[in-house]
Amino acid sequence: MSSAQEESGTYGAASGEEDQQPLRPTDLSELLKEGTKVSHEKAENTKFVKDFLKGRIKRELFKLATGALYYTYSALEEELDRNKENPAIAPLYFPQELHRAEALQKDVTYFYGEDWKDTIQCSEATQAYVDRIRHLGRHKPELLVAHAYTRYMGDLSGGQVLKKVAQRALHLPNTGEGIQFYMFDNVTNAQQFKQLYRARLNTLELNAKAKEDMVEEANKAFQFNMQVFEELDKIGTTIPDEAQDGGLPVHDGKGDIRKCPYYAAKDAASSGCPLHAALALTGRPEVKAALAAFAAAIAATIAWYLM
């Protein structure tokens, strides 16, 4: 059993304590939530994230993103390890449950092979993010909490949605190769663990100015991640499109339906092209409204991940 589980009975005690102590507007978890809403919205609307959610992720681009995550988490976790006795970090130090560098090393090995260290390199945007983390580790280690909070809470939330999208779109093995980053084997209940983490945040003895600095740093974390997304988008324009499945080419719903691979001439009069029918259905106002609601629900689900 992991350290957090031993301490709180598989996180149950911590969630109970949180229920007994209603959140206040001055609690750090609430300040972070409210203070990063605009950054959340901006991250949700980056092209990279939108395309990812739609399953439009190129394998080469996903590999580059995995490499960027490896460099980011390696820096973050090395600095957390080095500063684990810091009063602001100690209550939130869960290496067994949260640390991702080892999992990411498995992922880059899967994509690039055993000699991956000679193959991948830290990009400009990722290096800027890493440099900020290193600077904080040396000079303001308490602000590492802002980066750990935004990253790990997102990984336990929307990251689980992205795991399924990547596995399906890239035809990755169902045994988890290539997506170890998203798999938290030592977190048995993600929701309760997140409650524990937020409760611990609220126990940190920080004055108003320190809390303000924490929120500001969390917004910087979002900005660094968005810069990485933008960099990946630019690289993506240079990578040839890849087939997202191994089946027949899909009719785009335009032009002569007889060119559609799913069109059957003898049944054209009665059934027509399934894609045309689907497109016609999605044009109806009530269906559009339902799809918009579904898209909003997905965006809310991944909110913690986008940063």
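The questions and answers below concern this predicted model.

Q: What makes up the secondary structure of the protein chain, and how many strands does it have?
A: The protein chain contains 15 helices and zero strands. Of its 307 residues, 45% are buried.

Q: What share of the contacts in the protein chain between residues at least 6 apart in sequence join residues at least 24 apart?
A: The share is 80%. A contact here requires heavy atoms within 4.5 Å.

Q: Why is α6 described as largely enclosed by the rest of the structure?
A: A residue is called buried when its relative accessible area is under 20%. In α6, 17 of the 24 residues are buried, so this helix is largely enclosed by the rest of the structure. Helix α6 covers residues 59-82, and its first and last C-alpha atoms lie 34 Å apart, close to the 34 Å expected at 1.5 Å a residue.

Q: How do you know that α10 is mostly covered?
A: The count of buried residues in α10 is 13 of 13. Helix α10 runs over residues 144-156 and reaches 18 Å from its first C-alpha to its last, close to the 18 Å expected at 1.5 Å a residue.

Q: Which residues of α9 and α10 meet, and of what classes are they?
A: From α9, Y129, R132, I133, L136 and G137 meet L144, H147 and R151 of α10. By class, this contact has four nonpolar, two polar and two charged residues.

Q: Which residues form the contact between α3 and α13?
A: L28, L31, L32 and G35 in α3 meet K211, M214, V215, A218 and N219 in α13. Six residues of this contact are nonpolar, two are polar and one is charged.

Q: Why is R134 called partly exposed?
A: R134 has a relative accessible area of 23%. Buried requires under 20% and exposed requires over 50%, with partly exposed in between. The value of 23% lies in between, so R134 is partly exposed. R134 is in helix α9, and beyond its neighbours within four places in sequence R134 is in contact with A75, E78 and E79. The C-alpha atoms of R134 and E79 are separated by 6.9 Å, although these residues are 55 residues apart along the chain.

Q: How do you know whether E97 is buried or exposed?
A: The relative accessible area of E97 is 1%. Since buried means under 20%, E97 is buried. E97 lies in helix α7, and its C-alpha is 5.0 Å from that of N186, 89 residues apart in sequence.

Q: What makes the phi of H171 worth noting?
A: Most residues other than glycine have a negative phi. H171 is not a glycine, yet its phi is positive, at about 55 degrees. H171 is found in the loop between α11 and α12.

Technical notes. Residues numbered from 1 in each chain as written. Predicted model: local features only at pLDDT ≥ 70, side-chain atom pairs only at ≥ 80, totals over all residues. Heavy atoms only, no water. Helix = DSSP H or I, 4+ residues; strand = E, 2+ residues; numbered from the N terminus. Expected span 1.5 Å × (residues − 1). Buried < 20%, exposed > 50% of the residue type's maximum accessible area, 1.4 Å probe, protein only. Nonpolar A, V, L, I, M, F, W, Y, C, P; charged D, E, K, R; others polar.
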